[in-house]
Amino acid sequence: MKRLIYSILFIVILLFAFDRIGGKILWELNKYTKNRILVKINRIENGLSESVVIFGTSRANNHYVSSILSDSLELSVYNAGLTGSRDIYSQYISLLPCVAYKSVPKIVCLELSPTDYIVKDDDPYSAIRRYALYIGMSEQTDAVFKEAGYYPYYQISHLYRYNNTAIQLLNGLIYSRNEKAEDNGYIPLPPPPHFPDTLKNSDFVFSCDSNKVKYIRKFISLCREHNILLVFTVSPVYLIASPNEYGVLKQIADENGIPFFDYHSAGLYLDHPEYFKDNVHLWDKGARLFTSVFAHDLKMYLDSVGFFKQEVE
Amino acid sequence: MLFNSLNFLLFFPVVCIIYFAIPALKWRNLFLLAASYWFYMNWKPAYALLLLTSTAVTYVAALGIDRCAGRRGKRAWLTASLVLNLAILFLFKYYNFAAESLSLLLEHLGIALPMPEFGLLLPVGISFYTFQALGYSIDVYRGQTAVEKNFFTYALFVSFFPQLVAGPIERSTHLLPQFKVKQRLDYDAVMEGIRLMIWGYFLKLALADRCGTYVDAVYNNLTQHNGGSYLLASLIFPFQIYGDFAGYSLVAIGAARVMGFRLMDNFRRPYFAATVTDFWHRWHISLSTWFKDYVYIPLGGNRVGKARGYFNLLVTFVVSGAWHGANWTFIVWGALHGIILCIEKFLGFAKKPMSGASKFFHWLATFCLVALAWIFFRAETVADAGRIIKGIFTNLEMPYLPLADCMAIFMALSIVLFKECKDEFHWNIHLSDSRYWVVRHTYIAAAICYILLFGVLNGDQFIYFQF
């Protein structure tokens with residue numbers, strides 16, 4: 001029995017040492033990785049200096065061409081959209097470091113998706129796991145992890161904080177990404193072998209998750225506290241929109257005086273499958289056309305609210 | 001309760017501590033029985049009634065067989081046990097498939113006969129515990145095992161939690177006697193069990209689930225991928241299913257070992273087999289020996305004419321395919337293996353001594369054949385499997401290659417391959433079994449760190465649970 005206790009104790013001590021040393025090594029290595037997602041997260045976490053920042057999932061990442069927006073608005077633009085950030089919690093965590101530094105964005109465009117407010121069967125917080133290595137950096141970020149129930153596990157194991165990112169991190173140390181293809185955060189998608197050929201119905205079941213709605217409101221409040229002009233957007237999809245798919249989000253936007261640019265229900269490009277990589281993603285050609293339309297609409301809106309006049313003053 | 005859930009990681013040490021703290025064997029077994037039912041009831045409590053029914057039926061039947069003096073009476077009890085157990089299995093697992101297939105057949109013949117559907121979920125592990133319980137009935141009938149008079153001991157044999165839901169399918173002659181001996185807390189057994197469990201978790205979380213991300217991405221979106229991706233996914237799937245199932249078996253064997261029990265080995269480096277016949281001596285050993293003892297040999301085995309021998313082999317493998325699931329894909333998978341085994345038997349491969357280049361060629365050919373058959377096992381329909389095979393041969397383009405995922409698979413596969421080579425070829429390298437205490441313990445800590453870093457820790461189900 002004594003032998004067994006000693007063995008278990010030895011393993012626990014060894015495990016603790018490996019865990020803490022491994023955590024430190026990975027923290028350092030993370031600074032050198034060239035993995036796209038991790039480079040972007042690192043950039044966001046270290047504060048962004050651009051005037052316009054776009055948040056959202058892969059749809060945001062692949063649909064908003066930073067240079068087109070920048071040319072049209074004559075403002076610096078960064079596309080902070082991240083593949084897999086499929087809920088409002090990760091958008092909120094991404095916004096936190098942006099307002100923690102001196103240089104705060106003037107405009108934030110939040111690309112919304114139904115997953116930002118509907119109830120889903122799987123773990124609603126799972127997308128925030130990739131931010132786990134930044135635990136302990138800000139109280140607000142920690143609060144989200146506590147709410148998700150992950151916090152104690154990440155406190156126990158520092159290696160576990162890298163469970164979602166370790167392989168990307170190592171991969172990013174070996175392979176260097178094609179930086180030339182990127183445009184201030186925007187990543188163009190190549191054309192697909194086959195364009196989507198069937199116009200399917202959007203298949204979401206719209207049951208509202210009150211906690212997600214709470215976080216949308218927190219996102220709005222955070223922008224308001226820092227005088228950031230917030231804009232909601234929904235880019236095109238090759239799907240037939242369900243009625244009221246974005247009803248809840250539009251209502252929140254109305255209540256808070258937030259403009260809602262809806263290119264989804266408007267059916268933009270429904271007769272142009274050749275702009276899509278799949279039913280929910282535009283490839284580069286479609287994204288460039290869409291960004292031009294959006295840049296024009298956003299500029300008109302900014303003109304109408306006197307944003308540029310305020311800038312000059 | 002899943003082995004890869006936090007619940008199990010809390011449940012198991014608590015059960016072990018209480019188990020060893022109980023002084024009397026009788027109470028220990030009762031506690032283990034309660035813990036096993038608790039473990040099972042974590043899925044759907046009502047399905048524990050099915051487990052209890054199967055246990056009660058085989059228990060009573062075995063007593064009946066024991067008490068009957070005449071052969072006819074014994075056979076009647078055995079038949080009752082087989083019919084009742086297989087009826088439950090058929091109702092929950094095969095009824096919908098049979099009804100649908102019959103409806104379709106009648107429709108082709110111009111008869112419209114809609115069959116009622118049975119809308120209940122498949123109870124977890126029903127095929128495993130039913131076969132274990134049936135094996136006991138048959139063993140008692142054959143006089144190979146003594147009847148167990150104590151209902152609770154027998155119930156523990158059927159429901160022993162480490163192997164309840166996905167095997168190994170134990171034999172009464174092997175496991176039942178172990179419940180009659182008071183197991184003591186043995187340092188070597190505990191450490192061996194922990195090492196087996198950790199290697200099992202590695203196979204499941206770091207290999208199988210990593211492979212699963214690629215395989216699912218391709219197999220669940222066939223229209224989005226080309227032949228190159230089909231080929232790569234089909235070459236990765238054999239390792240996913242191996243990691244998943246061998247991983248489960250090792251955690252089960254390890255958990256039992258910690259408590260002092262020995263379960264039978266279920267896998268012996270199957271992809272080193274140089275013939276498909278040899279593959280079945282290494283893959284899911286507890287099931288293949290079950291089918292050999294309770295289906296193949298009663299059919300006559302190979303002690304009949306040549307043609308009848310081949311027929312027996314084919315039937316055994318078709319039934320084995322059907323055991324895996326109510327879908328034509330499994331039946332085709334089983335039939336394919338049966339046909340290959342018949343060909344090997346005809347060509348005399350099983351008895352042929354192989355070495356050097358010839359062995360390597362046979363090994364490669366065996367892996368390719370097994371991987372080809374796995375396509376049917378993994379595909380949703382036979383038509384999908386056909387599409388994949390056609391795509392591999394006609395549309396072989398650059399596959400979908402998510403670099404990070406491929407790197408994770410490559411890393412885990414390299415470690416597994418090293419360990420398997422070491423065991424298969426008896427390399428003189430000792431890590432988990434080193435005579436140095438520090439090396440053995442460092443191995444455990446390092447393996448846990450690898451799993452924490454690169455394992456898929458989202459609590460995915462084990463593939464074999466559906467069977």
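**View 1. Domain 1 and domain 2 of chain B in the predicted model.** The centres of domain 1 of chain B and domain 2 of chain B, taken over C-alpha atoms, are 29 Å apart. In the domain assignment, domain 1 covers 6-182 of chain B. Domain 2 of chain B is assigned in two segments, 188-274 and 354-454. Where they are in contact, domain 1 of chain B contributes 23 residues and domain 2 of chain B contributes 16 residues.

**View 2. The area buried between domain 1 and domain 2 of chain B.** About 1600 Å² is buried between these two domains. Carbon and sulfur atoms give 75% of that area. On the side of domain 1 of chain B, 29% of the area buried against domain 2 comes from B:Phe12, B:Pro162 and B:Pro168. No other three residues of domain 1 supply more.

**View 3. The side of domain 1 of chain B that touches domain 2 of chain B.** Two elements of chain B, α1 (6-21) and α7 (172-175), each give two or more residues to this side. The most come from α1(B), with seven residues. Sorted by class, this side of domain 1 of chain B holds 18 nonpolar residues, four polar residues and one charged residue.

Definitions and conventions
Residues numbered from 1 in each chain as written. Chains lettered and ligands numbered in written order. Predicted model: local features only at pLDDT ≥ 70, side-chain atom pairs only at ≥ 80, totals over all residues. Heavy atoms only, no water. Domains from an automatic or database assignment. Contact = heavy atoms within 4.5 Å. Buried area = accessible area lost by both parts, 1.4 Å probe. Helix = DSSP H or I, 4+ residues; strand = E, 2+ residues; numbered from the N terminus. Nonpolar A, V, L, I, M, F, W, Y, C, P; charged D, E, K, R; others polar.
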